Amino acid sequence: MTMPPSPLTMPPSPSASPSAVHVTAAHDSALKHTTGEAIYIDDMPLPRGALHLALVTSAWAHARITGIDVGAALALPGVSAVITAKDIIGPNDIGAIVPGEVLLAEDLVEYVGHPIAAVCARDEDTARRAAALVTIEGAPLPPVLALDAAIGDKHYLLPPSVFLRGDPDPDLARAPHRLTGSVRVGGQDHFYLETQVALAIPGEDRDMLVHSGTQHPTEVQHLVARLLSLDMNAVTVEIRRMGGGFGGKESQATLVAGIAAVAARVTGHPCKLRLDRDTDMEVTGKRHGFLLSWDVGVDDEGRILAVDMTLAADCGWSIDLSPGVVSRALSHADNAYFYPHVRLTGLYCKTNRQSNTAFRGFGGPQGMMAAEAMVDHIARTLQLDPVETRRRNFYGPGRDITPYHQTVEHFRLPAMLETLLASADYATRRASVDAFNATNPTLRKGLALSPVKFGVSFNKPEMNQAGALVHVYTDGSVSLNHGGTEMGQGLFVKVAQVVAAVFGLDLDRIKPTATTTGKVPNTSPTAASSGTDLNGMAAKIAAETIRARMAEQAAALFEEPVEAIRFESNRVFAGNKSLSFPELAEACHGERISLSSTGFYRTPKIHFDRTTNTGRPFLYFAHGLAVSEVAIDTLTGEWKPLRVDILHDVGASLNPAVDKGQIEGGFIQGMGWLTMEELVWDKVGRLRTHAPSTYKIPTARDVPAVFTVELLADAPNEEATVFRSKAVGEPPLVLALSVWLALRDAVGSLAPAGWVPPLAAPATPEKILMACEEARRA
């Protein structure tokens, strides 16, 4: 037997050091972010001979292409090539779910900004100047530029989807109160700090290496291989970090990576395409805007008896990820409320705008907005307390089946509601707001509460899988790779904490490495709040496999049963015997024991029948509640958030600081969506809000002066997730509905009781002012 390089030490076994999980740890790149040392794709040194690309896009919302003249562009010094659809070797198709979404338009353009060609030049400035010299000729066709027009013409990309349980029509007809209403909610640009970018490097044997700012490396790999008519093993996609994603780099990154890869294949040179902010906003898709309408029957106490709801989504010009977005909107149109009889209809409306796509929440926020607007409508019309109306309609015993027939288990909101009402001093503040409004004709305050019940797992069961690759080196250091991507959300540090906990090591002994399809294949996107659930569990399984092998070797060295072996404090113990982790790693190597392992995880219990829209699409639900207080100026429509109190359920948090950061950031992003981030197109379909000069995102000045975030204590996940944690990326965004409801509350104070403020989202100052004027008329 080969012994470790130093003798066994036998100090008393120390008390267990704090675990690497359930504790705060800094983001693995936090310092590098602040010093500028973090390397993004745009920071990478370019290989010799690299070319820069610039896009040529459509000026029409809908037209047939009749000619492309690239002569003037090619004549410009420094231009190497102009890439069009005819240069694509394989199918001109990057459809993520359904075929038919072209990389470069060849016959039709279907929105202003539709890419038609790409100029390849020695530098970015030359490429952009040359792109402006390309002439596109076309015959304009009638466009559909508004969601209402698409609904009226039944201009759909796919047939409607219906979620049905029970028979709502009879109960609607005989309900004591029957209310109909609607609300419009706009889209939202992702406005990631790092715009879309890719660097494609051709290799030998037709191989292609693509550095892509993508949340879904496997999809980029698959579609680049399709475009180049290659096997997937000839394409490697790599990404160390992104400067934000929010869903906008799940499918949309393929457009940029695909164009770069085609250009690299045609020219034989490395090719880089980075979109400037204006181009990024003009070309890429957004959060889906929706028109949400309902027909609801309730009793005298506001209890819902039956619901018939329609959720019409503006999908833009192509299908993209709209099936998943609409499905999740439908599966969250109940939010926290039980509908005894329900029909939910989702419409996939085609407009000649950018192809709308994934965005944090993936349709869930729009569906929950329908629920919250409807419940607010009920409470206001019947002059009931809005909090009590919500409590009466919560899921509960005997009222626990969703519209998609999943049983709601472990529903935490009733107890959480009592906790938050007390900690936020809701009753006292409600009285204070009412007293303030009674004596202030110009300034008005609003106060509102909203819950969230967010289903965690991809709606598509086959996507709920992940792989990881873990290496232990003979010096005791650990290399970690998995299929998840880091976009600032803290996934890498959380998964590293999981591995550190398995091995009993300090976190600095674990090195996360760049996500690459060359190490972990066939991955799912980092999306649906599932990044840690999936990749953390896969990494845990891989690390546990190695630890089990090491434990057997340690048991042999210590002459103790394997059950007695403990890994903690960077050492390995059996009773009062111990050796360091590096010593054991060296001993395992000497005995030819593998210190490398893959890990694979698939989410249990889930299933969903897409023909009947029934099943169990979610492993569990994350819960949260927020109370928001606002003030508005009724003469200008300007407003200010005064205070926000949040109680959120993250299970047994892997990293409380990272989770609180996600809650705070998600809430503020949701507040931006609902109050200020307005997308405006002109009469010919041009996006006019394509830069920070015209598109307003929240800043530090928009954060409420009092902003309290608490994690639900002592609440481990009942399901066997990684160390009993819960997802945190998307659910908190929806809590910003409390801000929108508070604005409605402030506006409503101007009108008689029973009036429902007609406030759409985003509730910009202009819309608030118009709602105030309508309230005064009421």
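How many bridges pair strand 22 with strand 23, and in which sense? The views below get to that, after a word on the model. This is a predicted model, where local features need pLDDT of at least 70, side-chain atom pairs count only at pLDDT 80 or more, and totals for chains, interfaces and linings use all residues. Residues are numbered from 1 along each chain as its sequence is written, and side-chain values use heavy atoms, with hydrogens and water left out.

View 1. Strand 22 (residues 571-574) and strand 23 pair in the antiparallel sense, over 4 bridges. Strands here are DSSP runs (E, at least two residues), numbered from the N terminus, and two of them pair if DSSP finds at least two bridges between them. The open sheet has 3 strands in the order 21-22-23, with antiparallel pairing. Strand 21 (565-568) and strand 23 (577-580) are the edges; each has a single partner strand, so one side of each has no neighbour in the sheet. On average, neighbouring strands of this sheet are turned by 20 degrees against each other, direction ignored (axes are lines fitted to C-alpha atoms).

**View 2. The largest cavity.** A cavity is a set of points, on a 1 Å grid over the protein atoms alone, where a 1.4 Å probe fits but cannot get out; lining residues have an atom within 4 Å of a point. The structure holds 5 cavities of 30 Å³ or more, and the largest has a volume of about 160 Å³ (the space filled by probe spheres set on the points, which are joined across faces, edges and corners). Its lining has 18 residues, with Ile-94, Glu-101, Gln-252, Leu-255 and Trp-317 nearest the centre. By class, that lining has 9 nonpolar, 7 polar and 2 charged residues (Ala, Val, Leu, Ile, Met, Phe, Trp, Tyr, Cys and Pro count as nonpolar, Asp, Glu, Lys and Arg as charged, the others, Gly among them, as polar).

**View 3. The second largest cavity.** This one has a volume of about 80 Å³. Of its 14 lining residues, Glu-409, His-410, Leu-619, Tyr-620 and Phe-621 are the closest to its centre. Strand 27 (residues 620-633) gives the largest share of the lining, 3 residues. The lining of the second largest cavity divides into 5 nonpolar, 4 polar and 5 charged residues.

View 4. For Cys-271, the nearest cysteine sulfur is that of Cys-120, 4.9 Å away. Cys-271 is buried at a relative accessible area of 0% (buried means under 20%, with a 1.4 Å probe and protein chains only). Cys-772 also counts as buried, at 0% relative accessibility.

How values were computed:
A disulfide is a pair of cysteine sulfur atoms within 2.5 Å. Buried means under 20% relative accessible area, exposed over 50%, partly exposed in between (1.4 Å probe, protein chains only). On a 1 Å grid over the protein atoms alone, a cavity is a set of points where a 1.4 Å probe fits but cannot get out, and a pocket is an open set with protein on both sides within 12 Å along at least five of seven lines; lining residues have an atom within 4 Å of a point. Axes are lines fitted to C-alpha atoms, for helices over the stretch in contact, and angles run from 0 to 180 degrees between N-to-C directions.
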